[in-house]
Amino acid sequence: MLSALSEFFAPTARRRAAARLAASIAASGLVVAGAVAGAGTAAADDTLQHRGGAAATLDGLTTFDKAVLTTDGEQHELPAGLFEMTVDGGGKLKTYCIDIHNPTQDQAKYLETPWAQTSLGANKNAGRIRWILQNSYPQVDDLAALARSAGTGPLTAQTAAAGTQVAIWRHSDNADVDAVDPQAEKLADWLERSADHLGEPRASLTLEPGAVSGRSGERIGPVTVRTDADTVEVSPPADAAALGIGVTDKDGKPVTQVSDGAQLYFDVPEDTADGTAALSVQATTSVPVGRAFAGVTKSQTQILAGSSESTVSATATATWAAKGAIPAITAEKNCAKGGVDVTAANKGDKPFTFTLAGQEYTVEAGASRTVTVPVTEDQAYDFTITGPGGLTENFQGVLDCRTTGDPGAPEDGTSTQLAPATAGGVAGTEGLDLAETGASNATPVIAGVAIGLVVLGGAAVFFFRKKGAPSTED
């Protein structure tokens, strides 16, 4: 919602903001990928990266009219309409906002994010919101035709945007909100009444998984490209030539340009020092309508209503070692469980032991293990993982899976979204949900581990390598 809304909802906004001040990065995907081999001291190289889709800066509300929100018997007038964002690397996005009681921040950074890591994941009406986006302004830019379909009378761009936003708020927040303009209100009523379920659109560009690991002297992967773009440019790891590392297909042929479904491998020479490397892919495409955009810092979630040809990108990392434990550690928000999943996978030939929230866990060679740290909704969390060789990393974020007027879970089973999150306790050592598996399989939903990780939305990526290993990331 527009930042000016804070004057109407100061108590609510301040309460929610206070719980989030400690979070410098939204919890839509904190990631750690690393390799620790032998007993050598590990050093951390912290790099914030976006791991899938579009990244953009919020320019502000551009096309809007007025609406009235009724809360606790009081009425508040507020602007309602379309926001605009500027995409990093080129392009423009038009968005509507969700979570009406939470203000946006000026010039906030946003990242394309899966529904499951936003309030849409537990919202039975998420599919209806996408239907509204597909069947109203600006996707339907013939305002006369839209007015005839909705039976509203004449519409302007401003009143069409306001009516569309009002209809979205009714489904995203279960809000008691009405458009001030009579035609806009009729449009909102028609959209709310007519909306049907549509599935979540897939990301504009992702790499699945986002992290792989293995032994030096092997091709490590595969990493699969998922995109609607016609072609995707592949950039090899920085200093790849000096290290002798290549990006290839399954047959070992170097790859620089691919399309949807292509599989990429890191070709790491046998004598390469233990370490990590990251490849990136980039394309120009129209981001699918209905994609969610979450703030890197806390700012109201947006949902895409229109996109120009825009730059989208994704990153995948590889870790390798000659022998010993070869772990990859990931952490990300789990709205379904009301916490943060911390997963360690070990592709080496020796066990890997790490400490989390005061407890020690061991991952056998070829296995993976996931710990869910419970976190209360809207609560900032702060915990640290430590491991051998000086491996240490701190995780901070905030769990933001619900709106104030949470519409709840579907009753008819038609929605494909996750069930409502159950608020957990303060992050700590009690009540950790621990699951252990064997050699992991790739998981294309929220994330995986060393060989199965998809990170959409905001992501903080940290690479651990042996002290003295050359830097190889972009």
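Is A357 buried or exposed? At 18% relative accessibility, A357 counts as buried, where buried means under 20% relative accessible area, exposed over 50% and partly exposed in between, with a 1.4 Å probe and protein chains only.

1. Basis of the note. This is a predicted model, in which local features need pLDDT of at least 70 and side-chain atom pairs count only at pLDDT 80 or more, while totals for chains, interfaces and linings use all residues. Residues are numbered from 1 along each chain as its sequence is written, and side-chain values use heavy atoms, with hydrogens and water left out.

2. Overall make-up. The chain has 6 helices and 28 strands, these being DSSP runs numbered from the N terminus (H or I of at least four residues for helices, E of at least two for strands). Of its 474 residues, 58% are buried. Among contacts with a separation of 6 or more, 75% join residues 24 or more positions apart, contact meaning heavy atoms within 4.5 Å.

3. Nonpolar cores. The largest nonpolar core has 82 residues, and those with the most contacts inside it are Y96, Y137, W169, L264 and V281; such a core is a set of buried Ala, Val, Leu, Ile, Met, Phe, Trp, Tyr and Cys residues joined through side-chain atoms within 4.5 Å. The largest share of this core, 8 residues, comes from α4. Apart from it lies another core of 23 residues, including I329, C335, I385 and C401. In soluble globular proteins, nonpolar side chains tend to be buried together.

4. R170 in helix α4. The helix α4 spans residues 157–172 and includes R170, which counts as buried because its relative accessibility is 9%. The side chains of R170 and E192 are joined by a polar contact of 2.9 Å, a term for a pair of N or O atoms within 3.5 Å in which, within protein, one must be able to donate a hydrogen and the other to accept it, residues adjacent in sequence counting only if both atoms are side-chain atoms. Once neighbours within four places in sequence are left aside, R170 is in contact with several residues, among them A175, V177, D178 and E185.

5. An open sheet. Four strands form an open sheet in the order β9-β11-β15-β13, with antiparallel pairing; two strands pair if DSSP finds at least two bridges between them. Because β9 (205–208) and β13 (246–248) stand at the edges with a single partner strand each, one side of each is left without a neighbour in the sheet. Between β13 and β15 (residues 263–267) the antiparallel pairing runs over 3 bridges, and V247 stands opposite F266 in β15.

6. Cis peptide bonds. The bond from E208 to P209 is cis, with omega near -5°, and P209 lies in the loop between β9 and β10 (211–215). A cis bond also leads from G221 to P222, with omega near 0°, and P222 belongs to strand β11 (residues 219–227).

7. Loop residues. D72 is not a glycine, yet has a positive phi of about 50°; it sits in the loop between β4 (55–71) and β5 (74–87) and, at 82% relative accessibility, counts as exposed. A357 likewise has a positive phi, near 50°, in a residue other than glycine, and its place is in the loop between β22 (352–356) and β23 (359–363). D274, in the loop between β15 and β16 (275–286), counts as buried at 15% relative accessibility, and a polar atom of its side chain lies 3.0 Å from the backbone nitrogen of A322.
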